[in-house]
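Me: I have a protein to go through for class. Can you take my questions one at a time?

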Amino acid sequence: MKRATIALGIVAILASSCGGSELSTRLATSLENRVASIRGYAESGRPGLARSAVRNLVELVTAQVEAG
């Protein structure tokens, strides 16, 4: 789960580097729910699902950063 922790750190950095604009409530809620799911997978001993969810989360954040 070390990779998941590192990936979540990267996601946090990407999310905070989105400039001065605020995240929409919908996007913020989606990010929070996804992180909660990842934590749940990790805590329940389902690393494959956690890694997959982290990849999806990183893709979402990257797309949002690229979109401005």
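Reply: Two definitions to start: the expected span of a helix is 1.5 Å times one less than its number of residues. Helices (H or I, at least four residues) and strands (E, at least two) are DSSP runs, numbered from the N terminus. The model is predicted, so local features need pLDDT of at least 70 and side-chain atom pairs count only at pLDDT 80 or more, while totals for chains, interfaces and linings use all residues. Residues are numbered from 1 along each chain as its sequence is written, and side-chain values use heavy atoms, with hydrogens and water left out.

Me: What does the span of helix 3 come to?

Reply: Helix 3 (residues 47-67) has 21 residues and should span 30 Å at 1.5 Å a residue; its end C-alpha atoms are 30 Å apart, which agrees.

Me: Which residues of helix 3 are buried?

Reply: Ala 50, Ala 53, Val 54, Leu 57, Leu 60 and Val 61. Buried means under 20% relative accessible area, exposed over 50%, partly exposed in between (1.4 Å probe, protein chains only).

Me: New topic. Which residues does Tyr 41 touch?

Reply: Leaving out residues up to four places away in sequence, Tyr 41 touches Arg 46, Leu 49, Ala 50 and Ala 53. Contact means heavy atoms within 4.5 Å.

Me: Why does Tyr 41 count as partly exposed?

Reply: Because its relative accessibility is 26%.
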